[in-house]
Amino acid sequence: MGPSGTKKLIAVGISGAVALSLLFVAAWMVFAGGAAEPEPDGVRIIAPAETSEPSTVGSPGAAASALTPSPTVLPEEIAVYITGEVVNPGVYTVAKGERLDAALRLAGGATENADLSRVNLAAYATDAAHYNIPTAGEPVGPGEPLHDGSAPNADEVGVSESCQPPVNINTANAACLETLPGIGGVRAASIVAHREQQGPFASPDAITEVSGIGDGIFRRIAELITVDPH
């Protein structure tokens with residue numbers, strides 16, 4: 001074989017070796033790239049678990065519960081009968097604990113002929129009571145109170161313990177005296193004025209000396225009054 005043939009043979013061998021090397025490198029890269037990377041010993045990746053309880057935040061039920069108003073407690077009502085010098089006499093309902101003035105306003109107020117100085121508009125209205133607004137100059141006879149005279153309960157008028165029967169007619173104020181049957185605002189004021197001018201009552205029946213308090217009213221309150229301290 002001549003020199004030219006030897007050179008060709010060497011060139012072919014080198015080319016084959018290079019091609020074989022490239023093929024080997026390519027195969028190694030494919031093998032190395034496809035291999036899975038092993039997990040570290042004892043380590044497991046666990047996906048977070050989904051909760052089984054649905055959230056109530058923003059749900060229609062939660063919103064409805066939050067918006068539900070608490071039940072409204074209506075005030076207890078009582079009925080009173082208003083007659084006399086009022087614009088619209090009749091029976092009216094007011095909340096328990098209201099003053100007589102509130103009932104009078106429901107009846108349209110007093111007429112121009114009314115004598116309101118003889119009516120205690122600050123008194124608490126009593127259930128089923130009859131209040132008569134007198135005419136100016138109209139006399140008040142014995143046994144004819146401005147209202148029905150029924151004594152309201154202590155929780156209705158807010159009276160103190162000293163107003164509980166028997167009421168001491170020598171020390172009780174006008175508000176306490178008004179709790180007695182047949183003793184309205186005018187008579188209570190008259191009792192207070194009488195003892196201030198004439199001195200203390202010597203006995204319970206001495207209350208009949210007060211103008212407007214006769215034997216009929218005394219019989220109604222005889223067991224409810226005293227002149228002795230409790």
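E76 and K96 form a salt bridge, with their closest N and O atoms 3.9 Å apart; a salt bridge here is a side-chain nitrogen of Lys or Arg within 4 Å of a carboxyl oxygen of Asp or Glu. E76 sits in the loop between α2 (60–67) and β1, while K96 sits in the loop between β2 and α3 (100–106), so the pair ties together parts that are 20 residues apart in sequence. This is a predicted model, where local features need pLDDT of at least 70 and side-chain atom pairs count only at pLDDT 80 or more, while totals for chains, interfaces and linings use all residues. Residues are numbered from 1 along each chain as its sequence is written, and side-chain values use heavy atoms, with hydrogens and water left out.

**Overall layout**

- The protein chain has seven helices and five strands; helices (H or I, at least four residues) and strands (E, at least two) are DSSP runs, numbered from the N terminus.
- Reading from the N terminus, the elements go α-α-β-β-α-β-α-β-α-α-α-β.
- Of the chain's 230 residues, 29% count as buried; buried means under 20% relative accessible area, exposed means over 50%, and partly exposed is in between (1.4 Å probe, protein chains only).
- Take the contacts in the chain with a separation of 6 or more: residues 24 or more positions apart account for 48% of them. Contact means heavy atoms within 4.5 Å.

**The sheet**

- Three strands make an open sheet, ordered β2-β1-β3, with mixed pairing; two strands pair if DSSP finds at least two bridges between them.
- The edges belong to β2 (90–95) and β3 (129–133), each with a single partner strand, so one side of each has no neighbour in the sheet.
- From one strand to the next, the twist averages 35°; axes are lines fitted to C-alpha atoms (for helices over the stretch in contact), and angles run from 0 to 180 degrees between N-to-C directions.
- β1 (residues 77–84) pairs with β2 in the antiparallel sense over six bridges, and the two form a hairpin with five residues between them.
- With β3, β1 pairs in the parallel sense over five bridges; V80 stands opposite A129 in β3.
- As background, side chains in a regular strand alternate between the two faces of the sheet.

**Salt bridges**

- Searching the whole structure turns up three salt bridges. The general idea is that side chains of opposite charge can pair when their charged atoms come close.
- Back to the opening pair: E76 is exposed, with a relative accessible area of 52%, whereas K96 counts as partly exposed at 37% relative accessibility.
- D101 and R105 also meet in a salt bridge, at 3.1 Å from N to O. They are four residues apart in helix α3, so about one helical turn separates them.

**Aromatic rings**

- R99 lies over the face of Y124, at 3.9 Å from the ring centre. For a charge to sit over a ring, NZ of Lys or CZ of Arg must be within 6 Å of the ring centre and within 35 degrees of the ring normal.
- The search for aromatic pairs across the whole structure finds zero; rings of Phe, Tyr and Trp (its six-membered ring) pair if their centres lie within 6.5 Å, with planes under 30 degrees apart counted as stacked, over 60 as edge-to-face and the rest as tilted.

**Around helix α6**

- H194 lies in helix α6 (residues 185–198), and at 15% relative accessibility H194 counts as buried.
- Leaving aside neighbours within four places in sequence, H194 is in contact with G199, F201, E209 and V210.
- P181 lies in the loop between α5 (174–177) and α6. P181 counts as buried, because its relative accessibility is 16%.
- From P181 to F218 the gap is 37 residues in sequence and 9.5 Å in space, C-alpha to C-alpha.
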